[in-house]
Each structure stands twice: as C-alpha cells, then as structure tokens.
Amino acid sequence: MLLGLTPGRRLLSHRHYLLQSRCINSVNTTRTALDSVLSTFRSICGEDGVSLGEAVRQQHGKDESVHRCCPPDVVVFPRCVEEVSALAKVCNNHRLPIIPFGTGTGLEGGVSAVTGGVCFSLRNMDQVLDVHQEDFDVTVEPGVTRKALNAYLRDTGLWFPVDPGADASLCGMAATSASGTNAVRYGTMRENVLNLEVVLADGNIIHTAGKGRRPRKTSAGYNLTNLFVGSEGTLGIITKTTLRLYGIPEAVVSAVCSFPSVQAAVDSTVQILQAGVPIARIEFLDDVMIDACNRFSSLSYPVTPTLFLEFHGSEQGLEEQVHTAEDITQSNGGSDFQWARDAETRDRLWKARHDAWYAALALRPGCKAYSTDVCVPLSRLPQIIVETKEDLIENRLTGPIAGHVGDGNFHCLMVVDPDDPEEQRGVHLFTERLARRALAMDGTCTGEHGVGLGKRALLCEEMGPMAVEVMQRLKDTLDPKNLMNPGKVLQPREL
C-alpha cells in the first residue's frame, strides 16, 4: 500500500492528477500525504536530490532488457549511506517500495518498479574509499563503475578483472553476482567480494563481514556476504563493497582461432581447461555471431565457429600456455592462431566481442534483442551448444551464439521483431526449451544475468519448492513488508 492509499491504487496516478491540477478537491488527503513524504525526502537529500520528472522516472524504470518500462513514482539521489538509511526509514514507515538503481545495464528487468514506489539512484555515491595495495583490496561506493575503478588503480599496478562487458556499477555487479569474459581465470563477483555495507528495508545498516573487516578468508558465522551477493536488491541496498584486487600481469597476448564445426571449437575449450592451462579468457562465437561482428566492427575473420583467447602471465609462462593451447586446437582442426599482441589490437578484438549485442541487433535493424544465459557443467557444453544450434536452425530463429565457454556459460542473442507476436512467441518457447535443456544437464537457467522478472518460474524448477520456500522465509525475515525491489527473483505469494 502506497502512502496510506487503498490497495491497488497507485501513487503515480494521484500525483498525475495533482501535477495536472485536476480533481484537487477529491484528493486533498492524498496531496497532504504526498507533500509530507516529498518534503521529508527533500529535507534528507536536498531539493536537487528528489525528482518527479517524467523523463527521469522513465530513465530509471528500465534496464537493457526486453521487459517494458515500469517507472517509479519518484527518484531520489542520496549522497551517503546516512541519507540512504534515512530515506529507507521513511519508505518503511509509509510502506513505499524501494528499487535500487546503479547504471541500468542489467538484462532481466531488475530495476522495473512493478508496483511503483521510490527509486534510489546511487550515482552520487561515487567515491573510491580505501585502496590497500599491499593487501590487494579496495572499498568502493555504489556509484563507482568497473572502468572508473580500473582508471583510478592505473598507477598502482593493480586491477579489478571481473568484466561483464558493460561499464556497470560495482555494487550493482555484486547485487546480480555478475561475471563475464575473465571469470574462467579470476572468478565471478561472488568470489571477489570480501565485505558489504547494506542498508536494510527498515533503514538499519549492517556490514556482512563486520565493519571495516577485509580478511582474505573467514569461517566466522553465517556467510552473510554471499547472501546479499546475487540478491538483486530484494534484501537490502548495497552501499559499499570491499573487493579483491589482482596484480596487472607482466605479459598479455590474445589470439583468434577458427574451427570447422561447433563441436571442434567447444571440444578444444574443454581440453584446454582439462590440460590445466590457466587461460584468462576463452570466448566462443558461432558462425552467425562472427559474421555479425565482422560487419559491425570491420573485422575480416573467417565465418566459421571461432574462439577468442587471452593468456596472462610472465613471458616464459605465456610461451608454454600458448604452445599447449595451439597443439590442442590444431588437433581439433583449428586454424593457426591469429595474434593480437599489442594493447591496441587486443582492445579492438575484445571491443568487438563486447559489442556482440549491438552486432546482433544490426543484423535486423528495428528489432529488439534478448540474451539467454544458461550455464552447464563443462562436460555437457559441446552437447548443449550443438543441440541449441540445431533448435535455432529448425525454428528459423535469429540467435547468434556467444559465450564464456571456459566456465560453461553461453548466450543466444535472440533478435526479434517487437511487432510480430508469432515470432515473439517462438522466441519465448525457444528460451524455455533452452533453459530446461540446461537444467536437464545439471546446469542453471542463469549463469550471470540474474533471475529478475523473467526467470522466477525457472528458479523454482531449478532449486525445488523447499529451497525456494527457504529463500522466501529469508526475504520475509529481512523485509517483512516486501518493500525491497518487490516482484523480482521470487514469485508473488498466492493470497
């Protein structure tokens, strides 16, 4: 219930009447409540820290996903954790839903205000607070993005390697348990978060590993840090994260290798990992995807299944890694490596990989894209990619495949005409088949994008009803009024 209104009525519709100066007499009570809360918000984060503007609300009601825009009723811009806490207490007292917002680069509708409420835009909290070079860790606020942190660290000899492609906020990456191209070597956010500062639904502030603590390992109590990593804003607002850092490798080299078939490329991936090669990145692109990247990024690679690889280490160590990897790829019919040794050429190569989303969209101008996100055990990877490719061809769907195959995670970038209901239905059925195919192979419906709005039913299939019930009990304990990003991850309870 919003601001004391009867259930089912929205603050947005009432505010619309107020802003249009219509029906004022009939909503005097509502106007008083609205003015009271907005006045309190402004007293906490300043006149410029509260926005009712249509454009601002629309901007904060949608991410990069196909889910429709659901704008919040108001957007607030806190500047510190104390302001986040004070705002959360007001929302808790008035039963206002709270939707955290970082950079809006998510892919599962995680910022949609499906029940209205207050969006907490955290962009003004953008400080790198503590860098401990000798301890290889850093603490950042939620407005700090991955690229901003690495630019800040440039002169320290350290970097943060988790790279989802988009320049996402680091606390947002923690909230979705993001990963990306480097996960095969450096792990996901779940392995790289040491501590979190979290504002709970009632405004209380907790530190999941203890205030100021940053040990490399701990056995103290329940693992609250990993409870909030991947919680997608449904349990609290992450206002600080302490992260592991890594030394910048002495030498880096990238390579491209083409293959006669999907099976050969994926078999090579599995064999390289089985040989113990500490590869930093190994990315798969099918023939449709490499063709799209060639066109979009002005490249000229053969239009066949392809691996993009990257090796990190010492000069001597790289020589051994590359030799082993080349032997394996050639035994599977792979081409000679095409090298990208200097930084400029490597950056161009990986920019092309990160631009795969836009390259796929360019295949059909005017269409929209949806990315699947399944992940399976490595031994099942060749089978699922081959079967998925056959499914796409059989159903005449446009879905170039790209993925972080080094950890069993791959994406079909489904390009669909938003004005063609039949095609949309076909894509939906395909994504359901793919997710269930992954579950049947002991995998997951989401390797790194999160559950959000679209995978709630699949989560229940994956985890089982009892495990989901435990999640619901945790949610009910930490957020008894269901104010934190409602409607995400867990299905609404049946009344």
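How many salt bridges does the structure hold? The structure, which is a predicted model, holds 23 salt bridges.

**Salt bridges**

- Arg353 and Glu283 form a salt bridge in which the closest N and O atoms are 2.8 Å apart, and both of these residues are buried.
- This pair connects distant parts of the chain, since Arg353 lies in helix α13 (residues 343–354) and Glu283 lies in strand β13 (residues 281–285), 70 residues apart.
- Asp391 pairs with Arg437 in another salt bridge, with 2.9 Å between the closest N and O atoms, and it links distant parts of the chain, Asp391 being in helix α15 (residues 381–394) and Arg437 in helix α16 (residues 421–440), 46 residues apart.
- Both Asp391 and Arg437 are buried.
- Lys351 forms a salt bridge with Asp355, where the closest N and O atoms are 2.6 Å apart; Lys351 is exposed, at a relative accessible area of 51%, whereas Asp355 counts as buried, at 13% relative accessibility.
- A network of salt bridges links Arg146, Asp163, Arg281 and Glu310.

**Nonpolar cores**

- The largest nonpolar core has 40 residues, and those with the most contacts inside it are Phe284, Leu309, Phe311, Ile384, Ile385 and Phe410.
- At least two residues of this core come from each of several helices and strands, among them β12 (251–258), β14 (306–313), α12 (315–331) and β18 (409–416), while the largest share, 5 residues, is supplied by α10.
- Leaving aside residues up to four places away in sequence, Phe284 touches a set of residues that includes Val262, Ala265, Val266, Pro305, Leu307, Ile385, Ile401 and Val405.
- A second, separate core has 27 residues, including Val128, Leu158, Cys171 and Met189.

**Packing of α17 and α18**

- Helix α17 (residues 456–463) packs with helix α18 (residues 465–478) at an angle of about 120°, and their axes are 6 Å apart.
- Because angles of 65 to 115 degrees count as roughly perpendicular and only those over 145 as roughly antiparallel, α17 is oblique to α18.
- In this contact, Leu459, Cys460 and Met463 of α17 meet Pro465, Ala467, Val468 and Met471 of α18.
- The residues of the contact of α17 with α18 comprise 7 nonpolar ones, with no polar and no charged residues.

Conventions
Residues are numbered from 1 along each chain as its sequence is written. This is a predicted model: local features need pLDDT of at least 70, side-chain atom pairs count only at pLDDT 80 or more; totals for chains, interfaces and linings use all residues. Side-chain values use heavy atoms; hydrogens and water are left out. Axes are lines fitted to C-alpha atoms, for helices over the stretch in contact, and angles run from 0 to 180 degrees between N-to-C directions. Helices (H or I, at least four residues) and strands (E, at least two) are DSSP runs, numbered from the N terminus. Angles under 35 degrees count as roughly parallel, over 145 as roughly antiparallel, 65 to 115 as roughly perpendicular and the rest as oblique. Contact means heavy atoms within 4.5 Å. Ala, Val, Leu, Ile, Met, Phe, Trp, Tyr, Cys and Pro count as nonpolar, Asp, Glu, Lys and Arg as charged, and the others, Gly among them, as polar. A salt bridge is a side-chain nitrogen of Lys or Arg within 4 Å of a carboxyl oxygen of Asp or Glu. Buried means under 20% relative accessible area, exposed over 50%, partly exposed in between (1.4 Å probe, protein chains only). A nonpolar core is a set of buried Ala, Val, Leu, Ile, Met, Phe, Trp, Tyr and Cys residues joined through side-chain atoms within 4.5 Å.
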